[in-house]
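Please look over the model below before reading my comments.

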Amino acid sequence: MKALVKVQHGDGFIELKEVPRPHIGPDDVLINVKAVGICGFDITLYHETPAYSKFLNPPVILGHEFSGVIVEVGKNVKDFTEGDRVTCETHAVTCGRCYYCMSGKYNLCPERLGLGYQKDGAFAEFVKVPVIRLHKLPNNISFEEGALSEPCSVCYHALVDIAHIKPGESVVIIGPGPIGLLSLQIAKIQGARIILVSGTELDKERLSLANKLGAEVTVNISEEDPVKKVMEITNRFGCDIVIETSGAALARMQAIDMVRKGGKIVLIGHGAGKAEVNLDPLVYKEVAMLGSWSHVWEDWENVLKLMATNYINVKPLINKFPLNEWKKAFEAVEMKKVVKAILIP
């Protein structure tokens, strides 16, 4: 089969090549991949700074946001069958016996291996996955939409499980990429007031989409100070919650400055690496800065219900590319020419 492989460590070293079709074990299924999204993390792994080498186990097939059809099931599989339309969590391996696994927080398992960077992923015609991580795709959700159930679940975990957003709370979202725009929709479902979404000069079209999806104000940080704007909107009080999706060091400093006393900052974006950020305001403002990583089973099930009933609309984000145009698609994501690129194997 054809697959997009990170063949070795370093900047680049991705090849579209012929590889063996996976062989499944008794608790696995084999999925014919119909659609797979390019995540910002895939771009990071493509360029692979030394800080990200720990996340990679090359040679490895990349890709972790996908949907498809089951074509083979292991002998122990009972609740899924050939022909089922499915999507899948990114936890390719967890130990199943540690504190985190036993308490339902298996996304934090110290032995966790991620699909698409530590274990072979879905930038391929077929992918092998453990049946325990599968979710059936509702019939009214297309495969392309289904590939976005993963980033939707990331956002759901951050905003519902971690931030515990309440109706009426004011929310600022830093970064209008896929995670930012999906976070906006989930925050609206929670009853939040999205007072501001910020982005850079390259984000103009994405900021326009944020307005259409319900943001009261959008700010191009090249032209306007987002902290000053938040303080203006809130009468110098600050916002209740900041959702930081960009991973930039500057964004984290802005988050600390714009959140109110007693408020929350939730970090979804990563990639800033070491950064000089003054954390003293967290103390005298009594601000909670929280990290959010990945997702768990309940997040996926709730997201699929919300997508199936059109509470979450991912269609405006999607742009499709054939797998053999992966370079064009990667470039489009990196240059922010598209919101979400979907590869079709």
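This is a predicted model: local features need pLDDT of at least 70, side-chain atom pairs count only at pLDDT 80 or more; totals for chains, interfaces and linings use all residues.

My points follow in numbered order.

1. Content and overall form. The protein holds 11 helices and 18 strands. Its radius of gyration is 20 Å, close to the 20 Å that the globule rule gives for 345 residues, so the protein is as compact as a globular protein of that length. Along the principal axes, the C-alpha atoms fill a box of roughly 60 × 40 × 35 Å.

2. Burial and contacts. Of the 345 residues, 56% are buried, that is, under 20% relative accessible area. Consider contacts between residues at least 6 apart in sequence: 68% of them join residues at least 24 apart.

3. Surface and charge. The protein has 39 positive and 41 negative charges.

4. A three-stranded sheet. In what order do the strands of this open sheet run? The order is E2-E1-E4, and the pairing is antiparallel. Strand E2 (14–18) and strand E4 (60–61) are the edge strands. Each of these pairs on one side only.

5. The E1–E2 pairing. Strand E1 covers residues 2–6. Five bridges join E1 to E2, and the two run antiparallel. For a spot check, take leucine 4: its bridge partner in E2 is leucine 16.

Notes
Residues are numbered from 1 along each chain as its sequence is written. Side-chain values use heavy atoms; hydrogens and water are left out. Helices (H or I, at least four residues) and strands (E, at least two) are DSSP runs, numbered from the N terminus. The radius of gyration is taken over C-alpha atoms; the globule rule is 2.2 Å times the number of residues to the power 0.38. Buried means under 20% relative accessible area, exposed over 50%, partly exposed in between (1.4 Å probe, protein chains only). Contact means heavy atoms within 4.5 Å. Lys and Arg count as positive and Asp and Glu as negative; His and the chain ends are not counted. The place of a charge is taken as NZ of Lys, CZ of Arg, CG of Asp or CD of Glu. Two strands pair if DSSP finds at least two bridges between them.
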